[in-house]
Amino acid sequence: MSRYFDALETRTADQRANDLAMALPQQIARAKVLSGYAARFAEVNPANVTDAKALSKLPILRKSDLVQAQSEKPPLGGFNAIPVTEFAHIFQSPGPIYEPGGMTRDWWRMGRFLHACGVTEMDVVQNCFGYHLTPAGMIFENGARAVGATVLPAGTGQTELQVSAAAAMGVTAYAGTPDYLKVILDKAAELGVSLGITKAAVGGGALFPSLRQEYADRGITCLQCYATADLGNIAYESDAMEGMIVDEGVIVEIVTPGTGNPVAPGEVGEVVVTTLNPDYPLIRFATGDMSAVLEGQSPCGRTNMRIKGWMGRADQTTKIKGMFVRPEQVAALVAKHEDVRRARVIASRADEKDIMTVQIETEAQDAGAYEDSIASVLKLRGKVELVAPGSLPNDGLVIEDQRSYDS
């Protein structure tokens with residue numbers, strides 16, 4: 001197995017800059033003729049956008065812009081460069097927002113990450129990302145195909161069946177959220193079943209150091225990537241495990257939240273991504289995630305820019321159990337009940353698992369009366385705590401993340 005996925009990963013700075021000077025104007029020109037970008041790029045000359053500095057002068061595109069555009073011009077708001085019928089899939093994420101997907105080789109660029117995890121054509125990958133409506137399952141399956149691996153499309157749930165399938169099929173690699181692998185391993189131990197998983201490619205949530213160490217103690221090398229439904233893979237870990245290496249098919253900027261202006265090197269800011277995907281060009285797409293550039297080059301030999309990984313949200317949106325919980329969802333939960341004055345979602349951690357607690361200001365006494373609404377609106381189930389009216393802090397927070405990302 002080659003150490004690198006392709007020659008792009010080891011380009012010199014000059015080679016990468018020269019390649020970008022050719023690819024970026026083509027992508028801007030491709031986007032400019034699309035109705036979604038017509039007003040945004042009316043005064044833009046694509047030939048002048050040849051580097052990150054010139055790119056930073058273009059307007060920011062936010063998820064809320066896509067939601068509005070898709071509602072006005074369904075299904076993709078005029079941001080697709082090929083007809084909708086030429087995509088292999090259309091997915092739906094909370095918002096709602098729709099994302100296209102393709103089946104051509106490494107369409108989401110996930111193969112690069114799986115290769116870095118050591119996954120090859122000799123592996124059977126148990127893919128425990130969701131396959132229904134949301135794109136994560138297909139994103140990782142497409143990446144597994146790019147490296148020649150065989151996929152067991154497991155999805156989530158039915159843990160005993162997951163264990164028996166992993167044993168029967170000789171699964172050697174896991175793909176899914178960081179927490180769920182522990183659920184499978186613990187169930188296997190409980191059932192007395194020996195599994196052959198030695199590699200794990202995770203995403204969709206934070207990989208805490210203690211959990212990574214637990215996997216290492218079980219003989220499993222676990223690496224994480226940073227990807228989104230809209231953009232695909234953005235950055236990924238290598239065996240050096242020093243920050244995340246930016247994928248070769250995107251351009252990453254770190255900007256001051258709310259402004260789009262690049263921050264000083266090393267400062268924390270919002271991650272803004274431009275893709276070079278010709279089918280669905282997203283230009284300066286603001287992720288809402290915070291990170292910072294990590295100086296220097298990875299010891300693994302990959303030469304692209306590194307970021308420090310996920311460092312929180314530019315807004316209060318928080319990922320819990322692999323799902324985003326947004327302030328507007330909390331507001332919708334409050335509006336659903338006349339007896340509720342305010343609500344606060346708290347993300348915490350116990351036994352290497354995410355815990356969601358919903359505090360509700362109300363004079364009611366039956367916490368169970370809110371469980372179905374919480375599951376419906378927040379798309380997750382959690383602990384419900386009823387608190388007296390006026391007792392929640394008046395600090396503007398509706399989502400509080402109490403998890404420590406340093407241990």
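Which residue of β20 is the bridge partner of V358? Select V358 and look across to β20: the partner is V384. Keep in mind during the tour that this is a predicted model.

**Stop 1: the four-strand sheet**

Select β19, residues 353–361, together with β20. The two pair in the parallel sense, over five bridges. Now widen the selection to the whole sheet. It is open, has four strands and runs in the order β20-β19-β18-β21. The pairing is mixed. Go to the edges next: β20 (383–387) stands at one and β21 (399–401) at the other. Each has a single partner strand, so one side of each is left without a neighbour in the sheet. Look along the sheet for its twist, which averages 25° from one strand to the next.

**Stop 2: α9 against α10**

Keep α9, residues 327–335, and select α10, residues 371–378. Their axes come within 9 Å and cross at roughly 145°. The crossing is right-handed. Show side chains for the contact. From α9, pick Q329, V330, A332 and L333. From α10, pick S373, I374, V377 and L378. Colour them by class: six are nonpolar, two are polar and none is charged.

**Stop 3: the nine-strand sheet**

Clear the view and select the strands β5-β4-β6-β7-β8-β9-β10-β15-β14, listed here in sheet order. These nine form an open sheet with mixed pairing. Which strands stand at the edges? They are β5 (150–153) and β14 (293–294). Each has a single partner strand, so one side of each is left without a neighbour in the sheet.

Zoom in on β4, residues 124–127, and β6, residues 173–176. Three bridges join them, and the two strands run parallel.

**Stop 4: α7 against α8**

Select helix α7, residues 178–191, and helix α8, residues 209–217. The axes come within 11 Å and cross at roughly 40°. The two helices are therefore oblique to each other. What is the hand of the crossing of α7 and α8, left or right? It is left-handed.

Now show the contact residues. On the α7 side they are P178, D179, L181, K182 and L185. On the α8 side they are L211, E214 and Y215. By class, this contact has five nonpolar residues, three charged and no polar.

**Stop 5**

Select S93, in strand β2 (residues 89–93). Is S93 buried or exposed? Its relative accessibility is 11%, so S93 counts as buried; the cut-off for buried is under 20%. Show what surrounds S93. Leaving out residues up to four places away in sequence, S93 touches E99, P135 and A229.

Then move to E86, in the loop between α3 (63–72) and β2. E86 is exposed, with a relative accessible area of 54%. The cut-off for exposed is over 50%. Finish by drawing a distance from E86 to F324, C-alpha to C-alpha. The two are 29 Å apart in space and 238 residues apart in sequence.

Key
Residues numbered from 1 in each chain as written. Predicted model: local features only at pLDDT ≥ 70, side-chain atom pairs only at ≥ 80, totals over all residues. Heavy atoms only, no water. Buried < 20%, exposed > 50% of the residue type's maximum accessible area, 1.4 Å probe, protein only. Contact = heavy atoms within 4.5 Å. Pairing = 2+ DSSP bridges. Axes fitted to C-alpha atoms, helices over the stretch in contact; angles between N-to-C directions. Left-handed = near helix turned anticlockwise from the far one by under 90°. Nonpolar A, V, L, I, M, F, W, Y, C, P; charged D, E, K, R; others polar. Parallel < 35°, antiparallel > 145°, perpendicular 65-115°, else oblique.
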